[in-house]
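Open the model in your viewer and keep the selection panel at hand.

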Amino acid sequence: MRLGMPAGLFNRFFVLLWVETLALQMGQNIFNNLISVYAVSLGYSNTFAGSLAIPYMILAVAGRLYGGYVADTRSRRTAMWVGCAAFAVGSVAYLVPALAVPVALLLFRGLHGFGYAAASTAYSAAVVDVTPREHLALGVGVNWTAQGVAQLLGGVVTVALVFGTNYSPVFLCAALFCALGTAAALLCDYEKGRAPAERAPRPAASRLRLSDLVERKALPNAAVVLVYYLGIAVGTFYTVSLAAERGIAGGGLFFTASALGMIVSNVCLVKLADRFGRLAVLLPVFTVAAVCDVCLAVTGSFSVLLLAGVLYGVAIGAMPVFQSATVEHLPPERRGAGTSTLFLAMDLSMGVGPVLWGAVIDLEGFTAAYLGAAVLTVAAAVLLVIVFRRRTGER
């Protein structure tokens, strides 16, 4: 056990990081659920509502790089609390009617992107630090369950706290959750008292280099995630629209089902990967993702939609396996950069994906988009085999 680190998986630092993850993900889910409809309720166009994603994505990239660099060269805690606090501050324009103007909404939405990316990069690296080596994969998976719980609770909170066109209570709730995340991050001072060899040294070079921000060893896994999540993006952004277009009532329950699938798979997949090997687990998961897309391509049934939701949750559950595979062989001073590199691939997919699939839907319809996503998932599976089998001892 490392100096100054409590024994056991569920030590106090691990629990604080889970609380921070839940709090930040609650803010993220609430705003993701409501940002478009809120903008339209103010009288803005759907085009403007969609454009709020632009500053979010630009500053999310900056947040990933900042979070990884600061986590490696200064402290994980600094990047965590700054990110959570930035997300909380980013909620101000959505609470104050006088600030509900285009420039402010775009700027503060950008703060959401920066804050979320910085904090989630840093706490993902911190989880690896505070988890006993023998429980690394399980620890990463358990931390990811907070995202599934937040997806479940986010929908409940959204329904309970939106009153007509008054969104202030639910946005205040998101801001308070992020304030809780900030407090949890500040209390997570596990780096205090660590052995000097475990501290992340500052780069010797006086100039910041690209290699300080991007971890080369994480790039192969990042390439697989990039292609895989391009396929995932169609389900994330267009399934509710697909349900509405086909007259399937209760389309939003797709995400409730997916949250349940995600929570279970976050823990089960990493344990199975430890026993049978990552490739042996990820290939069936990629197959599940492709089947999910095919089901959604042809369905007109509510029950099939719910089944696809569970499969979609299982598909998202692959990310903890990728994370543990990426960081387990990295030294502490490169875990932030490695996590940042991996998550940047996911961010780019979820930014480009909606544009790509939206264009396909406009031109060819939902069936073509979801079948296209299935084909892309198969391509990601081929890339996965190539990347993992090139590694010595990788199964």
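A nonpolar core is a set of buried Ala, Val, Leu, Ile, Met, Phe, Trp, Tyr and Cys residues joined through side-chain atoms within 4.5 Å. Buried means under 20% relative accessible area, exposed over 50%, and partly exposed in between (1.4 Å probe, protein chains only). This is a predicted model: local features need pLDDT of at least 70, side-chain atom pairs count only at pLDDT 80 or more, and totals for chains, interfaces and linings use all residues. Residues are numbered from 1 along each chain as its sequence is written, and side-chain values use heavy atoms, with hydrogens and water left out.

**Stop 1: the largest core.** Select Y228, Y229 and F322. In the largest nonpolar core, of 59 residues, these three touch the most other members. Now colour the elements that give two or more residues to this core: α6 (136-161), α9 (219-245), α10 (253-276), α11 (278-298), α12 (302-316), α13 (319-327), α14 (335-364) and α15 (366-389). Which of them gives the most? It is α9, with 11 residues. Helices here are DSSP runs (H or I, at least four residues) and strands likewise (E, at least two), numbered from the N terminus.

Stay on Y228. Contact means heavy atoms within 4.5 Å. Neighbours within four places in sequence aside, Y228 contacts V285, F286, A289, A315, A318, T377 and A380.

**Stop 2: T121.** Go to helix α5 (residues 102-130) and pick T121. Is T121 buried or exposed? T121 counts as buried, because its relative accessibility is 0%. Show its contacts beyond four places in sequence: R64, G67, G68, G336, T339, S340 and F343.

Stop 3: Select V96, in the loop between α4 (76-89) and α5. V96 has a relative accessible area of 33%, so it is partly exposed.

**Last view: the whole chain.** Zoom out. The protein chain has 15 helices and 0 strands. Its C-alpha trace spans about 60 × 50 × 40 Å along the principal axes. Of its 395 residues, 54% count as buried. What share of contacts between residues at least 6 apart in sequence joins residues at least 24 apart? The share is 84%.
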